[in-house]
Amino acid sequence: MTITAGTYALDPAHTTIGFVARHAMVTKVRGNFNEFEGTLTVGENITDSAATATVKTASIDTKNADRDAHVKNEDFFDVEKFPEMTFTATKFDVNDEGEGTVTGDLTIKGTTKSVDFKVEETGVAEDPFRNTRLGFEAKTSINRTDFGIDFNAPLKTGGVLVSEEIKIELEVSAIKQ
């Protein structure tokens, strides 16, 4: 089955919006956001497509309540002042196999920067409920300090507690509306 033109809504039960940060220069910490919504409108030509997403920053889940509380405060996301982060696609450079780059405006803590997501379609299928599902993965890296997330602590052994580079990883299932 191939992608057909139309609007697809992210399925939160089958989509992961996650990130990876290096911690103490020795390991990676992963986290997800549990509350989000988004749409992908596929044009007759993929380059004529559009996409938007909104993520509730307070829905962060790193599997550690103390860390989640710290990341929610003003040192990181400041969820009281900035309850959402958003993405709006500005350019689709994707081939017929569903691989390429989607460029867009990412807004975190009131700062908007252009980012490029490497994307790969993982499939299109009709589920048992007759929904057409589109699957894709997308990845990018950002420097968190570019978005005003500049908390850090130096380590005695050199380096810092939290990496500036943050990897964003999406695994998406979207349902045609």
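Trainee: Which residues gather in the patch of negative charge on the surface?

Mentor: Bear in mind that this is a predicted model. In it, Asp96, Glu97, Glu99, Glu120, Glu137 and Glu171 make up that negative surface patch.

Trainee: Where is glutamate 171 found?

Mentor: In strand E11, which covers residues 162–176.

Trainee: OK, how many bridges join strand E10 to E11?

Mentor: There are 11, and E10 (residues 132–143) runs antiparallel to E11. As one spot to look at, glycine 135 sits opposite serine 173 of E11.

Trainee: And what about E2 and E11?

Mentor: Those two are antiparallel as well, with 7 bridges. Valine 20 has lysine 167 in E11 as its bridge partner. Strand E1 (residues 6–10) also pairs with E11 in the antiparallel sense, over 3 bridges, and there tyrosine 8 faces lysine 176.

Trainee: Switching topic: how many aromatic pairs does the structure hold?

Mentor: It holds 3. Take phenylalanine 19 and phenylalanine 33: their ring centres are 5.8 Å apart and the planes sit at 45 degrees, so this pair counts as tilted. The pair links distant parts of the chain, with phenylalanine 19 in strand E2 and phenylalanine 33 in strand E3, 14 residues apart.

Trainee: How do E2 and E3 pair?

Mentor: In the antiparallel sense, over 7 bridges between residues 16–23 and residues 27–33. Glycine 18, for instance, is opposite asparagine 32 in E3.

Trainee: What stands opposite phenylalanine 33 in E6?

Mentor: Isoleucine 60. E3 and E6 (residues 60–61) run antiparallel, joined by 2 bridges.

Methods. Residues numbered from 1 in each chain as written. Predicted model: local features only at pLDDT ≥ 70, side-chain atom pairs only at ≥ 80, totals over all residues. Heavy atoms only, no water. Pairing = 2+ DSSP bridges. Helix = DSSP H or I, 4+ residues; strand = E, 2+ residues; numbered from the N terminus. Patch = residues over 30% accessible without salt bridge, like charges linked within 9 Å, V, L, I, M, F, W, Y side chains within 5 Å. Areas by Shrake-Rupley, 256 points an atom, 1.4 Å probe, with all protein chains shown as cover. Salt bridge = Lys/Arg side-chain N within 4 Å of Asp/Glu carboxyl O. Lys, Arg positive; Asp, Glu negative; His and termini not counted. Charge placed at Lys NZ, Arg CZ, Asp CG, Glu CD. Phe/Tyr/Trp six-rings, centres within 6.5 Å; stacked < 30°, edge-to-face > 60°.
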